[in-house]
Amino acid sequence: MTDQRSGPLSIPAFRAIWLASLPGNAALLILGVGASWEMTGLTTSPQLVATVQTMLLLPVMLLSMAAGAAADMYDRRIVALAALTVATIGAVVLAAITAAGLLTPTTLLAGCFLIGCSVALYGPSWQASAAEQVPADLATPAIAMNSISYNIARSIGPAVGGVIVAVAGPLAAFAACAILYLPLIAAFWAWRRVREPSRLPPERLGSAIGAGLRYIIHAPPVRALLFRLFLTGLMAGSLSGLLPLVSRDSLGGGAGVYGLMLGTIGVGALVGGVAAGRLRAQFPNEWLVRGGTAVTGAAYVVIAASHSIWITGLAMFVMGAAWMVLVTIVTIGVQLLVPRWVAGRALAGYQSAIMGGLALGSWSWGQIAGVIGIAETMTVSGIAVILAVLLGRWLPMPSESTVEQGNELEKPSMSLALTARSGPVVIEIEYEVTPANARAFYTAMQQTRLIRKRNGAYDWSISRDVAAPHVWLERYHYSTWGDYLRQRDRRTADEEAFERDLIERLCTSQDIRVRRWLERPFGSVRWKDDTPDRG
């Protein structure tokens, strides 16, 4: 057992990657500041200026699930290195085009989208790798440290980007982005990952993406949390896209004022990130998320009405702190809600929710600003964010609990020569339940249905024998024998405890009967021994 007092930073590999991730995670934000300000010089259209943030964030929504599946299927170190390399090359190309004077709004948006795609691929592998870089007892602190690193980068990145743009222009911001990725590439290159061999062959990418989506859909706490985060980001996406125009038109400033506003947001976010840990220990998570949402919306209304640098700066400082508390609480909540086998895909779902909401919100509010004006758009957005507090009534924050892996099950006996791709497979489980417990058993089986389906089953059903009412039959499918074996590997300790309690409390016999069938659709079996097998 590792001494908890030493912490994850005592592990050389984790420390190197964590330190390098501070500038590395800030790189995209610095590039975003340069791109947004450069767009104000290329065009006067609010829609195009707001679209810069959309192009940077939209790839996360589009690619994050595939990136999460890649993080769970392949070597996370290699995935991170490949993504960072492409992002670096993209930033270098964008800087070269700018230096040559060939940059156009279309080229700028295309460059932002390419780099955004690379960062979307990198994110889940970086986050999910934290638990692999440290001993098992330091996994939770390591995840929290990565969250702190990301929050610090989000805090200082826009501020540093604003200073770079004010002093040296957008070209310097593009070059800085490329340079800041290099330490992170070096740290991942130096890490010697020890990968535990899987007892089963890896999933295909399409199947892995489907498994991640299926888990999120059939895990109500995760699904509710991500949907709430998406809606909040959609309502709050106005500032990220319109801030360059707020700085220029409402405050009458240039790149220096833009950088100053970003700096105040960054300082506020840094304060909020540091305070989030203490606030979590003192207040329920739901209170903190509602409070962060309400304060963010109120700050937007003040920003819309203000023409004073001091008032606007104060509002942005408060907003940065409140938003960071909200994001930190949700980030930690998502990671503690899911088992390790789907951690990368759950984190991808989280990124897709927040970045997708902000990206679509930035674009949508940009369209509205082109019609009704910037100040009016910020006011409407602020009111919408305040109203998002009500989402807590229908989509509350789940209680915190750490998911533990279940016990390894014995390999099922079989007499057929099956491969991982054999299928479809039908599972039938027979229970004996006294009539007095029938209603309670049926209710409990609805929870079992969610467990089966989020672990890969489909066509689930529960039936009752009309001749022997005490006999119930649970039936569900898996596409292949390999999928069924993976499901057995994915059981958590809580799921095992639930199933054990259900059997002990409601069934008359603890010896349930399990039957496994290889389904044979029409045409799948040769009608003569010498008939060619089309499969």
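Q: What is a nonpolar core?
A: A nonpolar core is a set of buried Ala, Val, Leu, Ile, Met, Phe, Trp, Tyr and Cys residues joined through side-chain atoms within 4.5 Å.

Q: How many residues are in the largest nonpolar core here, and which have the most contacts inside it?
A: The model is a predicted one. Its largest nonpolar core has 102 residues. Those with the most contacts inside this core are Leu31, Ile115, Tyr181, Phe188, Leu239, Leu243 and Val330.

Q: Which residues is Ile115 in contact with, leaving aside neighbours within four places in sequence?
A: With those neighbours left aside, Ile115 is in contact with Leu28, Leu31, Ala87, Gly90, Ala91, Leu94 and Tyr181.

Q: What tends to happen to nonpolar side chains in soluble globular proteins?
A: They tend to be buried together in such proteins.

Q: Let us step back. How many helices and strands does the protein chain have?
A: The secondary structure of the protein chain consists of 18 helices and four strands.

Q: What share of the residues is buried?
A: Buried residues account for 55% of the 535 residues in the protein chain.

Q: What share of contacts joins residues at least 24 apart?
A: Counting contacts in the protein chain between residues at least 6 apart in sequence, 84% join residues at least 24 apart.

Q: Now helix H17. Why is it described as largely enclosed?
A: Helix H17 covers residues 481-489, and seven of its nine residues are buried, so the helix is largely enclosed by the rest of the structure.

Q: Which residues of H17 are buried?
A: The buried residues in H17 are Trp481, Gly482, Tyr484, Leu485, Arg486, Gln487 and Arg488.

Q: Which strands do they pack against?
A: The buried residues of H17 pack against strand S1 (425-432), strand S3 (471-478) and strand S4 (513-518).

Q: Where is Pro424, and what is the peptide bond from Gly423 like, cis or trans?
A: Pro424 is found in the loop between helix H15 (391-394) and S1. The peptide bond from Gly423 to Pro424 is cis, with omega near 0°.

Q: What about strand S2 and Asp459: is that residue buried or exposed?
A: Asp459 lies in strand S2, which covers residues 458-464. Its relative accessibility is 51%, so Asp459 counts as exposed, the cut-off being over 50%. Phi of Asp459 is near 50°, a positive value in a residue other than glycine.

Q: Next, Ile265. Where is it, and is it buried or exposed?
A: Ile265 is found in helix H10, residues 255-282. Ile265 counts as buried, because its relative accessibility is 17% and buried means under 20%.

Q: Which residues is Ile265 in contact with, beyond neighbours within four places in sequence?
A: Ile265 is in contact with Leu239, Leu243, Met316, Met319 and Gly320. Of these, Leu239 and Leu243 are listed with the most contacts inside the largest core.

Q: Last one: Ala346, buried or exposed?
A: Ala346 counts as buried, at 1% relative accessibility. The residue is placed in helix H13, residues 343-372. Leaving aside its neighbours within four places in sequence, Ala346 is in contact with Val334 and Val338.

Q: How far is Ala346 from Met65?
A: Ala346 and Met65 are 281 residues apart along the chain, and their C-alpha atoms are separated by 8.1 Å.

Note on methods:
Residues numbered from 1 in each chain as written. Predicted model: local features only at pLDDT ≥ 70, side-chain atom pairs only at ≥ 80, totals over all residues. Heavy atoms only, no water. Helix = DSSP H or I, 4+ residues; strand = E, 2+ residues; numbered from the N terminus. Buried < 20%, exposed > 50% of the residue type's maximum accessible area, 1.4 Å probe, protein only. Contact = heavy atoms within 4.5 Å.
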